[in-house]
Amino acid sequence: MTSAPARPGRMKYVLFDVDGTLIDALSNQRRVWGTWAERYGLDADEVYRLALRTRPMETFAQVAPDRDPRECLAVLHELEDEDVRSGSYAAFDGASELLHGLPPGTWALVTSNYEHRVRGRFLRTGLPVPGVIVDAVAVEEGKPSPVPYLRAAARLGAEPGECLVVEDAPSGVQSGLRAGMTVWGVNAAVAVEGVHRHFVNLREAVPHILALASRPHGDAAA
């Protein structure tokens, strides 16, 4: 069972994760990591399972401890950049309607990826790009640290209690919760532990997010 959201009437900003929440990049991530693993003679499935749970440098340390992690990262970046240029991407159903329906200056992207890749994917899927993107280089501590979401709120001029976080992954959910924000989970058959509301897919969440964001800023109605 999920807990009730904190002070829903005060929420007027929406902070989105990207991969897995707005953009369906799962097959792309699997393909990139599979190619990376092949270059180092490693088992692609094992590497990918680990990569889903850890940041790249942690993955390298476990699967290729004898390799220079900077070289490993450079190869991964090369493969990811090529995938942005040539891979097939799709936005989740409802993503375009949702982002186009939010008032400018009230939403941001918070991603463990890099801004230029996010912009490339959004361009290819027709999604609008907000004024605030907090990416991997914008913070020293990534999710599940609260820092990424707190940084996004600060750049929007928002207080944590005014922010709704939309996430799909446990690390992102924990990041939003630790930041003192309300967190809704999407695109998962089972609710991630801690979320205040759960939606099996993004499409189900769209009208609820838009209804929340369309309230006048002074409206405290739940």
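Let me begin with residue classes: Ala, Val, Leu, Ile, Met, Phe, Trp, Tyr, Cys and Pro count as nonpolar, Asp, Glu, Lys and Arg as charged, and the others, Gly among them, as polar. This is a predicted model, in which local features need pLDDT of at least 70, side-chain atom pairs count only at pLDDT 80 or more, and totals for chains, interfaces and linings use all residues. Residues are numbered from 1 along each chain as its sequence is written, and side-chain values use heavy atoms, with hydrogens and water left out.

On a 1 Å grid over the protein atoms alone, a cavity is a set of points where a 1.4 Å probe fits but cannot get out; a pocket is an open set with protein on both sides within 12 Å along at least five of seven lines; and lining residues have an atom within 4 Å of a point. Grid points are joined across faces, edges and corners, and a volume is the space filled by probe spheres set on the points.

How many cavities of 30 Å³ or more does the search find? There are three in the whole structure. The largest cavity holds about 50 Å³. Its lining includes Arg55, Asp135 and Lys143, and that lining divides into four nonpolar, three polar and three charged residues.

The largest pocket holds about 1200 Å³. Of its 41 lining residues, Gln29, Ala51, Leu52, Thr54 and Ser112 are the closest to its centre. Here the division is 18 nonpolar, ten polar and 13 charged.
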